[in-house]
Amino acid sequence: MRKISDRNRQWLMKELPILEQANVLSAETACAVRTYYDTNTRSGIHWAIIAFAILGSLLIGAGIILLFAHNWEAFSRPMRAVLSFCPVAMGAAVSAVALSRKSGAAWREAAGLLHSLAVGASIALIGQTYHLSSDMPAFLLTWALLILPLMFLLRSSGSFLIYLALVCCWSGAAQITYGQAAAFWLLILPPVAYL
């Protein structure tokens, strides 16, 4: 069976009453066509498109990171600080475009993944540039809390999974560093609400 896009299906459903009024199709034939396309067409998320959007955003992000990493020592400290905030600004811009255009799932997933990873990269780069004293649990918790709104704003499964991984890693690191990770149960409530 040939797949029909949602846009084409919507056009056809708008045309059926017009064709009925012009006596091109009988009411029974129009009803049969409507039933056929309602039951035999598949609308929804195209997983291949989402997978390639995620893969594409990861590859583009990795290329940009490699470009800056190769030349990082040549930059002055203020220039490094400005460059450290560029990934977050880019992620926020892509997320804003995805929200303002009411884009499809692939665009929202790519934006959520890019924005989530950019937040972590910026935190790490600022900490490395200014030699901030911090421990792994604090880094993971800060990153997780900063990307928490993304899974709700973008309805992004990628942001959801990154947040979940960060919270789980934080609980392990906090258990080792502090001897307890009781806040895990509070941090796990937003993903439960998302589901």
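Which residues in α5 meet which residues in α6?

Modeller: Before the details, a word on conventions: this is a predicted model, in which local features need pLDDT of at least 70 and side-chain atom pairs count only at pLDDT 80 or more, while totals for chains, interfaces and linings use all residues. Residues are numbered from 1 along each chain as its sequence is written, and side-chain values use heavy atoms, with hydrogens and water left out.

On the α5 side the residues are G112, H115, S116, L117, V119, G120, I123 and A124, and they meet F139, T142, W143, L146, I147 and L150 in α6, where contact means heavy atoms within 4.5 Å. These residues divide into 9 nonpolar, 5 polar and no charged, with Ala, Val, Leu, Ile, Met, Phe, Trp, Tyr, Cys and Pro counted as nonpolar, Asp, Glu, Lys and Arg as charged, and the others, Gly among them, as polar. Helices here are DSSP runs (H or I, at least four residues), numbered from the N terminus. The axes of α5 (residues 105-129) and α6 (residues 136-153) come within 10 Å and cross at roughly 150°, the axes being lines fitted to C-alpha atoms over the stretch in contact and the angles running from 0 to 180 degrees between N-to-C directions. That makes α5 roughly antiparallel to α6, a term for angles over 145 degrees, whereas those under 35 count as roughly parallel.

Helix α5 also meets α3 (residues 47-71), and there the two axes come within 8 Å and cross at roughly 30°, which makes α3 roughly parallel to α5. In this contact I49, I50, A53, I54, S57 and L58 in α3 meet A105, A106, E109, A110, L113 and L117 in α5, and the residues divide into 10 nonpolar, 1 polar and 1 charged.

Another residue of α5 is A118, which counts as buried because its relative accessibility is 5%, buried meaning under 20% relative accessible area with a 1.4 Å probe and protein chains only. Leaving aside neighbours within four places in sequence, A118 is in contact with P87 and V88.

As for the whole, the secondary structure of the protein comes to 9 helices and 0 strands. The radius of gyration, taken over C-alpha atoms, is 24 Å, well over the 16 Å that the globule rule gives for 195 residues, so the protein is more spread out than a compact globule; that rule is 2.2 Å times the number of residues to the power 0.38.

Notes. Helix = DSSP H or I, 4+ residues; strand = E, 2+ residues; numbered from the N terminus. Parallel < 35°, antiparallel > 145°, perpendicular 65-115°, else oblique. Buried < 20%, exposed > 50% of the residue type's maximum accessible area, 1.4 Å probe, protein only.
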